[in-house]
Amino acid sequence: MTPARKGLLLVTWIATVALLGWVVNRDLVIGSDLRLFMPSPRTQQERLILEEIGEGPASRMLLLAISGPDPQAAAETSRALAAALRSSGEFRLVANGESNLDSIPESLLAYRYLLSPTLDHTMLDAGYLRAQLEERLRDLSSPAAGFLEPWLPRDPTLELLKLADSWLPARQPQLMYDVWFDPAGTEALLVAETRAPGFDPRGQRRAADELQRAFEASRTDSRLRLEASGPGAFSVLMQARMQEEVQWIGTVDAIGIVLLLLVAYRSLPVLVLGLLPLVSAGVAGLAAVGTIFGQVHGITLAFGFTLIGVAQDYPIHLFSHQHRGLDARTSVRALWPTLATGVASTCVAYLAFLFSGVGGLAQLSVFTVTGLAVAGLTTRFLLPPLVPDSGRDAADSAVLGRLWHSIAGLPRPLWLGVAIAGACTGYLALSPRPLWENNLGALTPVPRALLERDSALRKELGAPDIRHLLVIEGADAQSVLEKAEALEPGLQSMVTRGELGGFDDPARYLPPKSTQERRRAALPEPGALESALAEALGTTPFKPGVFAPFLADVERARHLAALGPSDLAGTPLETRVESMLLERDDHWTGLITLAGLSNPAALAQTVAGTPGVTLLDLKQASEDLVAHQRERILWCLAISAVLLVIVVFVALRDASRVRRVLAPMVLTNLVIVALFHAAGISLSLFHLIALVLAAGLGLDYALFFEHAADDPAEQRRTLHAVIVCSLSTFLVFALLGLSTMPVLRAIGITVAAGVVGNFVLALLLTRPRDAKTHGR
Amino acid sequence: MIALTLAATPLHAADPDLDTLLARLARPAPDSTSFVEIRYSSLLDKPILVSGHLEHQADGALVRRVESPYQEVTVLQGENVSVERAGSKPRQFSLDRAPELRGTLASFGALLKGDRPMLEQYFAVTVSGSDALWEITLAPRNQKLKRRLSNIVVDGAGDRPRCFTLHEPDGDESLMALGVDGPGDLPAPPERQALEAWCTASTGH
């Protein structure tokens, strides 16, 4: 190939990758819905769980504490912050204890008789009015007179106050300066519900930024501090920490690998060429995922690039086998069967995830398989013509020669391998401890101090538990509200018995229309009310005619249509109801949040009588889901393991060669799993993916060692290649293993251990026994 | 003794000195005094009267105990107010909700403790009358308080306050006579002018 044609090839290649990259970058939608990494639901119950994880009010809720030396400043900031958050659009419900009667819009005032339960127990008759007027007289000479007096002509039964009180949490923190405070009176407390669901990290990030901005704008004292707690705040915190770690690890990795490649090949063009298959792989993988799925998840993106990092190995094998006088195009033909076997078998392993039933893993699978295939093919067909003639030959290295010689001299006790495999299998089979980690939260654990703080705040604020939730399903909003209302007495008696701290249900804010209509029917006609009022006023000192606005309001209420969910738009009730009463495709769902549930069994019994009501234990349910999911993935992996053996068998066509190639990888994975178990590490999905990655690497090493079989020069070149490959991989993953994030650490340690185990075992186990006699 | 008193009292009737007055009025907690409160409201065609005891407890809480014609206990502790009436659930609210109450409370507390800075934090204070028969007028400083309260007038004689009168902008009024056991000790019928005259009269106890 002439230099001109080489140049043309290189330019065409780079231009194609760049063009595809530009298109991908233009069209790529990066998703962040964490549910993509959860299994697709199979049962009604699982569907509910997936809808409620992150969708329920509890997981959207942020608990806020404003602390500072001056409680009054904290209270003022609490009020300003609440107002700013309410108008920001990122939050749909902000509560800080303020209950301002003036904030109830005029349009809802007349509805008070339909919304309040007063008319369920009593009539607006002379007796009741008389008793109420007596109370109002006492109110007028009490210190509460100042703020009650303006309302009395319109509302002598204080219905509005009863409503406002009933909308407050059952157990609320103490009020100071009219806002919630902790018992010590030093921190103003607020609850804010984000519009973004809990499983949407990007939405949570926006909400967190908005919160910070609003706080900066509304603080009245620079010494005030804002603390936010809750699932959303934690996920934002953890994500930021993860990004930070990934960034520095990535930087160190890049420097390390560039140095390694420079030392190994002493050539800048080689370094640059070596990156081309990897970059092509990434762009092709993204294009494939984008075409098939329409979008790519952020986790697929981050994780997928880690997985296809293996593609860096392919050009390394080619480079290490270069020597004077050898055209790379010739050498690649010799390497190709081995390389192709490695690529194909690794792809087969990753294909397992395509059928895992988990959307995110399917994306990951498509990304990795496409990426690795493209890296393999470009290394085979595009790279060789471009590789410059090398003046150096790895086989000339005396160091490598001595190293190979001493390795060849090592004893290879095959029985020991069998014994170790047997011991590991036996240990794992007999250990009573569970092998797997079902708790997803264990992978991105929130620091203990923050969790303790969260549970203290939650208790203080009477905020709902994240774990338990009652879900009501119905064909329409009214049937859901009716069921919610029917559940109230049972729940209330649990609260009385101390089995439940409190609950919140949509019917508390919006009673079903049937109830509203019953109350409306109980409202007296104008004549009847007027005479009842006249009788009640009797000898009281109230001026005659003072309650005319009351008579007018009741009359108006008698002609109101009952309020439905759609009538609440623009009222404070809208925000309360919309988070607990949701319309989904063809049905309605009502959520009852629970606080301080101490007896779930009793609750399950309480709701058992109402059809269409489910008590969800999100923790238990999500753990079950994870277990089911893993079972399915393990089956897929088992099938792909069989396929992998078939691929290797087809390539090598010799049972003993197949055994020698597969032995290091099987043994390494067994030892790693056994060691992890012994160290008390429970395996997660991420360990599983990492083990597949390690197995793929091990297979490559073994294939190449096996390929080099008898030729001493080839053996040294292979040794060179595998050392460079394994060192670079080890560097990347050992650094990842230093991370403080368990999910990164899990992947890092697993793969790093896999690299070491596979490298050593491939050296020891792969060559046929008689190869020793041919060595120098 | 008489000579000493004469020497300390300016001969011409200048307004009494606020610091001196406050020092004389201060009462160490715990302390209890009987009261009759008369409330005039635009909603009512005659005033309502309640009587009971005001207590200043050692922990700083102010308790207003209504004993007649019904039982009701109001506790003002820090920023919080709770009103509890026999047979119903306590009503709680904060002083921010009832600015006029914050004013009353501040004036009460300041008088009980002789705390002039606290008084002046909320009110512009003017004193008139003589040492023997004085009147303190408290005009609110901030807008929020002004919307609910025109002023508080405290009338007293010697070292004893007699009446606390709250004037509200809408003409409503609340008058609290201290050291009075029941409505029988007050002019009847309890009309405003008669009561105000009683508060500022030199005779009494």
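Axes here are lines fitted to C-alpha atoms, for helices over the stretch in contact, and angles run from 0 to 180 degrees between N-to-C directions. I worked throughout on a predicted model.

**Entry 1: helices α15 and α31, chain A**

I first looked up how helix α15 (residues 313–320) of chain A sits against helix α31 (residues 712–737) of chain A; I found an angle of about 150 degrees and axes 8 Å apart. Angles over 145 degrees count as roughly antiparallel, and α15(A) and α31(A) are therefore roughly antiparallel to each other. I recorded their crossing as right-handed.

I then listed the residues that meet. From α15(A) they are A:Asp313, A:Ile316, A:His317 and A:Ser320, and from α31(A) they are A:Arg717, A:His720, A:Ala721, A:Val724 and A:Cys725. Sorted by class, this contact holds four nonpolar, three polar and two charged residues. I noted beside the list that an α-helix has 3.6 residues a turn, so residues three or four places apart point the same way.

**Entry 2: helices α24 and α25, chain A**

I next took helix α24 (residues 526–537) and helix α25 (residues 548–557), both of chain A, which pack at an angle of about 150 degrees with axes 10 Å apart. That angle makes α24(A) roughly antiparallel to α25(A). The crossing of this pair is right-handed. I found the contact to be formed by A:Pro526, A:Leu529 and A:Glu530 on α24(A), with A:Leu551, A:Val554 and A:Glu555 on α25(A).

**Entry 3: helix α29, chain A**

I checked the length of helix α29 (residues 655–678) of chain A: at 1.5 Å a residue, its 24 residues should span 34 Å, and the end C-alpha atoms are 33 Å apart, which agrees. I also located a kink of about 35 degrees at A:Leu662, shortly before the proline A:Pro664. Just after α29(A), I noted that A:Gly680 has a positive phi of about 85 degrees.

**Entry 4: backbone details in loops**

Which residue other than glycine did I find with a positive phi near 45 degrees? A:Arg266 has this value, and its place is the loop between α12 (231–265) and α13 (268–293) of chain A.

In chain B I looked up cis peptide bonds. The bond from B:Ser68 to B:Pro69 is cis, with omega near 10 degrees; B:Pro69 lies in the loop between β3 (62–68) and β4 (72–77). The bond from B:Ala188 to B:Pro189 is also cis, with omega near -10 degrees. I placed B:Pro189 in the loop between β11 (173–178) and α6 (192–200) of chain B.

Technical notes. Residues numbered from 1 in each chain as written. Chains lettered and ligands numbered in written order. Predicted model: local features only at pLDDT ≥ 70, side-chain atom pairs only at ≥ 80, totals over all residues. Helix = DSSP H or I, 4+ residues; strand = E, 2+ residues; numbered from the N terminus. Parallel < 35°, antiparallel > 145°, perpendicular 65-115°, else oblique. Left-handed = near helix turned anticlockwise from the far one by under 90°. Contact = placed C-beta atoms within 7 Å. Nonpolar A, V, L, I, M, F, W, Y, C, P; charged D, E, K, R; others polar. Expected span 1.5 Å × (residues − 1). Bend = angle between axes of the 7 residues up to and from the residue.
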